[in-house]
Amino acid sequence: MKRFSLEGRMAIVVAASAVMGALVFAGVAIWPFPQAVAWLDELAKNPGHAVVPGPSEPVDTRTALIICFLLLVPLSAWMAHVLVEPIRRLMRALESAVASYRDGDYSMSIGTDRMDELGDLIRMHNQLGTILREQRQNLAQRELLLDTVVQNTPVALVLTDASGKVTYANIAARHLFNEGRALAGLDFASVLAAMPENLRVAAAAGEDALFTVEMEGSEETFHLSQRGFRLQGRPHRLQLYRRMTRELSRQEVHTWKRVIRVISHELNNSLAPISSLSHSGAELARRGDLERLPGVFASIGDRAKHLHGFISGYASFAKLPAPQAREIAWEPFLEALGLHARFELSAPPPKQPGWFDPTQIEQVLINLIKNAHEAGGDEKDVTVGVHIVGRDCLIDVSDRGPGMSETVLAQALLPFYSTKRSGTGLGLALAREISEAHGGRIALANREGGGLRVTLVLPAGPH
């Protein structure tokens, strides 16, 4: 038992109380209270005479107990107040400190010079306050750093809660959606209502997507990344809008340089043998060796045919003719498409006819369906759907393959980009070129549950 512990102090108080009670009882029952009572009685009987205290009888036990009770109760109350008041002050101080912690203020500490358990508790409380204050300062610095980074990133970030209200938006998002004004607390669906239609469609789909919109008189390509998560036990949704126009332009220039190098290399590989064979043919003709000339001409023809086939593949992309759009009924068009490619209809074709060049759109859809089959999913999951939404006609080609990563999505529409092992190809750029020639656009999105959806957006009627 410690010297200044609460238990030691309580033991001393109890012992002192017992001793005091015994002394008071002895003083009341034996001495000096009986003698004082006898003296006062003699003094009252013989006023004016000297009184000599004589022997006195002890007070009976019942009377002594009553007198002790009347004396000890006020004394006990005063002693209890003296003992408990410091503890009460400490409890009030602790209550104030806990209330400050609840309000987020960790600057309060309690002074004490007690050497018992309460003193140890107060010192531990002060140490806890110091640790919490340091942790809060570090956390505030980290939050400030994170907020600075997020606010100044060029990616537009929008965080919405379960009701669709914006809980957080950075500077880029405010400039993109609300002309630089704050978005917090606004209904994001209402904000999107003023944006271009394909941006609204991509945001409502709830999937990662790559799409193009017309803003301030020019086309801007965006990559949209969406994620759902729980924040403080409540569902939230994070949307990231990244401008890809400049990056795509750089990649497009790089791609064209690569194409030029490939064509130059192929031309050199074909023209050098042709030049050599032509020289050899001329020399054989000069010598009169006509029997070997057919073989030389055949070799020149083979090299020229190979070069022609190689150049034709690239020229078909560069020399894409202007579309000859006309009214096309969907049902016979899709039936004819089914003769060239295997697919399932995700929805009945619309009664309203389309307006497009059937040859070009058919070639695009054949390529997209072929890509969907090569994605690796089940053939039954390759579907084609046609939907009329307002003034737009949406043609969806979907599969259940692995989908596309963010990097591939960002580059999929570049000319001659391909993920196939066979090397460079036209990829989805031909579909993009044809859709834009029709006055439409193309959008890519990973499907929930796996797979890719390629959407051709074409005008539903003549311009």
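User: Which residues do ring pairs link into a cluster?

Analyst: In this predicted model, ring pairs link Phe-177, Phe-188 and Tyr-241. The count of aromatic pairs comes to six.

User: Why is the pair of Phe-333 and Phe-356 called edge-to-face?

Analyst: Their ring centres are 5.1 Å apart and their planes stand at 70°. Rings pair if their centres lie within 6.5 Å, and planes over 60 degrees apart count as edge-to-face. Both values pass, so the pair is edge-to-face.

User: What makes this pair a tie between parts apart in sequence?

Analyst: Phe-333 lies in helix H10 and Phe-356 in strand E8, so the pair ties together parts that are 23 residues apart.

User: How do you know that Phe-333 is buried?

Analyst: Its relative accessibility is 7%. Buried means under 20%, so Phe-333 qualifies. Phe-356, at 1%, is buried by that cut-off too.

User: Which residues have the most contacts inside the largest nonpolar core?

Analyst: They are Phe-333, Ile-361, Leu-365, Leu-368, Ile-369 and Ile-395, in a core of 31 residues. Helix H11 gives the largest share, seven residues.

User: Why is Arg-447 said to have no salt bridge?

Analyst: The nearest side chain of opposite charge, Glu-207, is 5.9 Å away.

User: Where is Arg-447 found, and what does Arg-447 touch?

Analyst: Arg-447 sits in the loop between E11 and E12. Its contacts include Glu-207, Asp-381 and Asp-399, not counting residues up to four places away in sequence.

How values were computed. Residues numbered from 1 in each chain as written. Predicted model: local features only at pLDDT ≥ 70, side-chain atom pairs only at ≥ 80, totals over all residues. Heavy atoms only, no water. Core = buried A, V, L, I, M, F, W, Y, C linked by side-chain atoms within 4.5 Å. Buried < 20%, exposed > 50% of the residue type's maximum accessible area, 1.4 Å probe, protein only. Helix = DSSP H or I, 4+ residues; strand = E, 2+ residues; numbered from the N terminus. Lys, Arg positive; Asp, Glu negative; His and termini not counted. Salt bridge = Lys/Arg side-chain N within 4 Å of Asp/Glu carboxyl O. Contact = heavy atoms within 4.5 Å. Phe/Tyr/Trp six-rings, centres within 6.5 Å; stacked < 30°, edge-to-face > 60°.
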